[in-house]
Amino acid sequence: MVSGTGSNLAALLAAHDDPGYGARVVAVVADRRGIRALDIAAEAGIPTAVVSVKDFDDRAAWDAAVAETVSVFQPDLIVLAGFMKLFGATFLERFGGRIINTHPALLPAFPGAHGVRDALEYGAKVTGCTVMVVDEGIDTGPILAQAAVAVEPGDDETSLHERIKVVERSLLVEWVGRIARGGLTVDGRHAEVG
Ligand code: GRF
């Protein structure tokens with residue numbers, strides 16, 4: 001699931017043709033039209049769907065529509081690859097425990113939509129990225145994997161985010177493959193693979 005430029009999606013698509021990888025992207029669902037991620041999916045021949053909040057009366061109706069759309073593709077795992085919306089009860093009840101997200105900070109530090117900017121403004125010397133299981137909170141789910149990235153003198157949000165994204169892409173690709181090959185179990189705050 002995507003909302004933006006789709007570099008994480010592109011990395012997954014680069015990996016998924018290898019049968020040994022264990023996972024295949026069956027569909028790409030976005031919450032908005034006109035984004036690069038949808039072009040990347042289309043160029044790869046992957047089915048796409050857009051479910052936009054503004055096409056629904058309220059957030060609950062959108063949430064139910066996204067759940068319906070996703071269920072059509074019967075995914076074993078839902079990967080939020082730069083998807084910038086929170087799910088509601090309907091989606092989480094249907095797919096909870098098999099949704100993972102990637103976040104560009106070392107959680108629990110700097111959750112939310114501006115994790116890179118917040119780390120920079122705070123003066124952190126090390127930040128990074130986190131792959132986690134999605135729960136009902138904002139970036140609060142059990143952590144699967146993390147990788148650190150140093151903040152360099154002179155970094156701005158763009159330069160730091162670009163360096164984080166290089167690490168983030170390989171971490172996400174690695175852990176999606178591990179889940180596909182080994183299975184994902186969640187016990188309280190602890191998420192394990194294999
Ligand atoms: C990633 O850093 C993700 O963690 C954040 O937005 C970025 C998405 O990048 N939420 P892309 O769309 O995969 O290029």
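D31 is buried, at a relative accessible area of 3%, where buried stands for under 20%, exposed for over 50% and partly exposed for what lies in between, with a 1.4 Å probe and protein chains only. Its partner R32 counts as partly exposed at 33%, and the two side chains meet in a salt bridge at 3.0 Å, N to O, the term being used for a side-chain nitrogen of Lys or Arg within 4 Å of a carboxyl oxygen of Asp or Glu. D31 and R32 also belong, together with K85, to a network of salt bridges.

A word on the basis: this is a predicted model, in which local features need pLDDT of at least 70 and side-chain atom pairs count only at pLDDT 80 or more, while totals for chains, interfaces and linings use all residues. Residues are numbered from 1 along each chain as its sequence is written, and side-chain values use heavy atoms, with hydrogens and water left out.

Searching the whole structure gives nine salt bridges, including one between R94 and E68 at 2.8 Å, N to O. Because R94 sits in helix α4 (residues 89-95) and E68 in helix α3 (residues 59-72), this pair ties together parts that are 26 residues apart in sequence; helices here are DSSP runs of H or I with at least four residues, strands are runs of E with at least two, and both are numbered from the N terminus. R94 is partly exposed at 37%, and E68 is partly exposed at 45%.

For the chain overall, I would note six helices and eight strands, with buried residues making up 46% of the 194.
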